[in-house]
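Good morning, everyone, and thank you for making time for this. Please keep the structure open while I talk, so that you can follow each place as I name it.

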Amino acid sequence: LAVPEQLSGVVHKYLKTDARTVALLRSRDQLVESALLHSPVAADEAPTGTLSDSEFSLSLQALIQWSKVMGIHLVEHERFAQHLISLLGSPVGNSEVVMDALLEVLRSSPGAFMIYVPATRASPALEGVLRAVTGTMQALLPRLTHFAECGQSLSIDSEEGRQLSRWAQVAGTVVEAYTQFLWLDESTSQILLSFIGACFMVHPHVSQSVFELWAILKDANRDGKLPPGVLSKMLQRLTAPCCSAFIRFGRYDSQYSEDEAELVQLRGALQEILTDMYCIAQNTPESGLLQQHLHSQLQQFEANSDVVGMEVIWFAFTGIAEVLADEPSMPQVFIPVIQSTFRLSTGTEDQLRSVSALLRTCGPHFDKVLQATLPPAVQWLVSMVSRIPVEASEAVQELCGYAGQLLLPHVEELLKVVIQVAPTVSTEVDASLHGALTGITRALPADQAVAAFAKLCDGCVVALSAGIDVSTEAGRAVLHRCLCRVLRCVRVMEEAGNASSNTPGILGAPSPASQCAANCVAKVLVPHWNSFAAPCQKLLSIAPVGRDAVKGKPIYEFSDIAVQVNILALLRRAAHSAVDATEGGAELSTRLIEFVVLCCKDGQLAPLVAAAVVAGSPSLARMNLLPVLDIVCGSCLEHARKGQSILDLIPFLDVYSAMASSIGDELFQSPHTASLTQLCVIALNCAEQDVLKPVLLFLQKLLMSRAVTLGESDVTAICQA
C-alpha cells in the first residue's frame with residue numbers, strides 16, 4: 001500500500017519508457033485478481049492504511065493506489081466491475097473503502113468527462129456500475145427526502161450522516177463526470193435530480209458535494225452543448241430545493257455552521273450557486289423563476305416579522321445584482337425588494353450591512369429602474385450612519401455617484417444633515433458623506449458645480465483659517481480631516497465632472513471632468529492658500545518623509561504618516577489643477593512653487609513631487625520654475641554633499657527631467673546646467689531605476705541639444721559616471 005505513494009512521481013514520469021514499469025503493467029491483471037480474493041468482514045470499517053485494517057480493506061486500498069499510479073482502468077476488468085456491483089448491493093456497500101473504489105472507477109473510466117462528445121457511450125461494465133449507483137440512490141431517496149423536507153437536523157458524524165455524505169459525493173462525481181446522464185435516460189435523470197435536490201437541503205456538508213452542478217451546466221450551456229429543454233427541466237426541478245437550502249443554511253441563526261467564519265464562507269458559496277442559476281436561466285422560459293421564488297419567500301418572512309429570513313433573501317438579491325452591474329437594466333422584482341429594506345428600522349449590524357450592500361450593489365440602476373426608490377434609499381442609509389458608519393456612508397457616496405443628478409432637489413437638506421453628523425464620525429465616513437454631496441453637485445453646469453464645490457469645502461476653510469497647532473495630535477487630526485475631505489471631493493468630481501463631461505477631451509488636453517475638478521481645486525486653494533499651506537509646511541518640517549509617502553494614495557485612517565501622505569497628495573492634486581484649470585491655474589502654480597521653495601530651504605525635498613507636475617507645462621515651467629531653479633538645485637546639491645540618501649533626490653530628478661522635455665533648450669541655456677550635470681553624475685552612482693530613469697532622460701536631451709556646447713571634461717565625466 002505504501003509503495004505507490006513513494007514511487008508515484010517516478011512511475012508517472014517514466015511509465016511508458018521504463019522497462020521495469022512496463023513489467024509492472026504486465027502484472028496488472030494479477031493485481032486486480034488479488035484484490036478479489038478477500039471478503040469483507042465489517043460494514044462500518046474505516047480504512048486507516050495500516051496493518052490494523054482487514055485484508056479486504058487493505059487489498060482494495062492497495063488496488064486503488066496502484067491503479068492510479070499505473071493508469072489501470074478498473075472498470076475494464078469485467079470481474080472487478082461485477083465485484084464492485086455486488087459490493088454496492090451488500091452490507092458493506094456504504095463503507096468508506098468501497099465508496100473510494102467507486103469514486104476512483106467513476107473518475108478514471110473511459111467515457112468520464114465526455115459531455116462534449118455526446119456520441120460516446122459508456123462501456124457495458126460502466127453502465128452496469130452506474131445502474132447500481134442509481135439503484136442505491138433510489139433506495140436511499142425516501143430517507144434522504146425525509147431529512148430534507150422535515151428540516152430535522154442530521155448529525156453529519158452519525159453513521160447515517162456519513163452514509164449520505166458519501167453518496168452525495170458520488171452524485172456530485174456522476175454529475176461532473178457523466179453530465180449527460182442528466183438527460184439521456186429519463187428514469188435515471190429523475191432519480192439523479194431528486195437525489196441532488198434532496199442533497200441540497202439535508203446538510204451543508206452534504207450539499208457541498210453537489211455545489212458544482214450549476215457551474216458545470218453554466219459552462220456547458222455557454223459552449224452550446226446542452227440539448228434543448230434541459231435547462232428548463234433542471235430549473236423546474238431544482239430551483240425550489242436550492243432556494244430552500246440557501247435560506248436554511250444561510251440564515252445568521254443557522255444551526256448548521258459551527259462558527260461565524262464557516263457560516264460566512266458557506267453563505268458565499270450558496271450565493272454563487274444562486275448567481276449561476278440566474279445566469280443560466282436567461283433566455284429560457286424560467287428566467288424569472290428564481291427571483292419569483294425568492295420574492296415570495298421575502299413576502300412570507302416579512303408577514304411573519306422574520307427579519308433574519310428577510311436578510312438572507314436580501315443577501316441573495318445582492319449576488320444577482322452583482323452580475324447585473326454592467327447591464328442596461330434589471331428585473332422589476334428588485335423594486336419591491338429594495339422597498340422592503342426601508343422598513344428595517346432596527347436590526348443587528350449584520351442585517352444592516354446586508355441592506356447597505358444590496359443598495360450599493362444596485363447603485364448603477366438607481367437612475368433607471370430603481371429611480372423611484374433613490375430618495376428613500378439615501379435617506380435610509382444616512383439614518384444608519386450612526387449604526388454602520390463606514391458601510392452606510394460609502395453606499396451613500398456610490399448611489400450619489402451613479403444618480404446624483406436626481407437628488408439635486410434634496411442637496412440642501414442632505415448638506416444640513418452632513419454638517420450636523422460630520423463632527424461625530426470618523427475621518428473616512430466624513431470624507432464619504434462629503435463625497436456623496438459632490439456626487440450630486442457635479443451634475444450642475446460647470447460654473448455652478450465649482451461654486452457648490454467651494455461651499456462644500458467651507459468647513460475646511462473655517463477650521464484651518466482659525467489656526468491649528470500641528471505640534472499637537474488634536475491639531476494634526478483636524479488637518480487630516482480637512483485634507484481627506486478635500487481629496488475625496490476632488491476625486492469624486494474628477495470621476496465625472498458635470499453632466500456634459502462624459503465626452504473625452506482632445507488628445508493631449510484634459511477631459512471636461514478633469515478640467516472642472518481642476519477649477520474646483522483652484523477655487524478653494526487660491527483664496528485660502530495660506531490657511532492650507534502654513535500647517536502643511538510646518539508639519540513637513542517636523543519629521544522626515546518616507547519614500548513611499550511621496551507618491552502614496554490618500555490614507556483616511558488618522559496617523560502622523562497619513563497626514564504627511566495626504567499633504568503630498570494634495571500638493572500633487574494642486575499641481576495637476578494648476579496645469580489643467582481654466583481659471584486660477586497660473587496663480588495656484590505660483591503659490592505652489594513658493595511653497596516648494598520654502599520647504600527646500602528647510603531641507604525638505606518631498607514637495608518637489610508636485611513641482612515635477614508643473615514642470616511638464618512649458619508656460620508654467622518658464623514662469624515659476626526657471627527663476628527659482630538655482631535655490632532648489634542648491635538645496636539638492638547640499639543634500640548630496642552631506643552624504644544623505646540619493647533616493648531623497650528623486651522628486652527633483654523628476655523635476656529637471658520633465659523640464660528637459662517641456663522647455664529643453666531654455667533649460668540647457670540657463671546658468672543651472674553645470675549644477676544639474678553635477679547632480680546627474682552623483683545620481684548615476686545609484687542603481688535604483690527610479691533614480692536612473694530621469695537622470696538618463698535628462699542627459700539624453702542635454703547631449704542631443706544644439707543650444708549648448710559641453711566641454712570635453714563635462715562629457716568625459718558623464719561618460720565615466
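This is a predicted model: local features need pLDDT of at least 70, side-chain atom pairs count only at pLDDT 80 or more; totals for chains, interfaces and linings use all residues.

Let us begin with helix α29, residues 608-615, which is mostly covered, since seven of its eight residues are buried. These buried residues pack against several helices, among them α27, α28 and α32.

How do α29 and α32 lie relative to each other? Their axes are 8 Å apart and meet at an angle of about 5°, and the two helices are therefore roughly parallel. On the α29 side the contact includes Leu608 and Val609, while α32 contributes, among others, Phe652 and Met659. Sorted by class, this contact has 10 nonpolar residues, one polar and one charged.

Now to the rings, where a search of the whole structure finds nine aromatic pairs. One of them is formed by Phe200 and Phe211, which are stacked, with 6.5 Å from centre to centre and 20° between the planes. Phe200 belongs to helix α9, whereas Phe211 is in the loop between α10 and α11.

Another pair, Tyr656 with Phe698, is edge-to-face, at 4.7 Å centre to centre and 65° between the planes. Because Tyr656 lies in α32 and Phe698 in α35, this pair ties together parts that are 42 residues apart in sequence. Both Tyr656 and Phe698 are buried, and together with Phe652 and Phe668 they form one aromatic cluster.

Finally, look at Arg488, whose charged end sits over the ring of Tyr556, 4.3 Å from the ring's centre.

How values were computed: Residues are numbered from 1 along each chain as its sequence is written. Side-chain values use heavy atoms; hydrogens and water are left out. Buried means under 20% relative accessible area, exposed over 50%, partly exposed in between (1.4 Å probe, protein chains only). Helices (H or I, at least four residues) and strands (E, at least two) are DSSP runs, numbered from the N terminus. Contact means heavy atoms within 4.5 Å. Axes are lines fitted to C-alpha atoms, for helices over the stretch in contact, and angles run from 0 to 180 degrees between N-to-C directions. Angles under 35 degrees count as roughly parallel, over 145 as roughly antiparallel, 65 to 115 as roughly perpendicular and the rest as oblique. Ala, Val, Leu, Ile, Met, Phe, Trp, Tyr, Cys and Pro count as nonpolar, Asp, Glu, Lys and Arg as charged, and the others, Gly among them, as polar. Rings of Phe, Tyr and Trp (its six-membered ring) pair if their centres lie within 6.5 Å; planes under 30 degrees apart count as stacked, over 60 as edge-to-face and the rest as tilted. A charge sits over a ring if NZ of Lys or CZ of Arg is within 6 Å of the ring centre and within 35 degrees of the ring normal.
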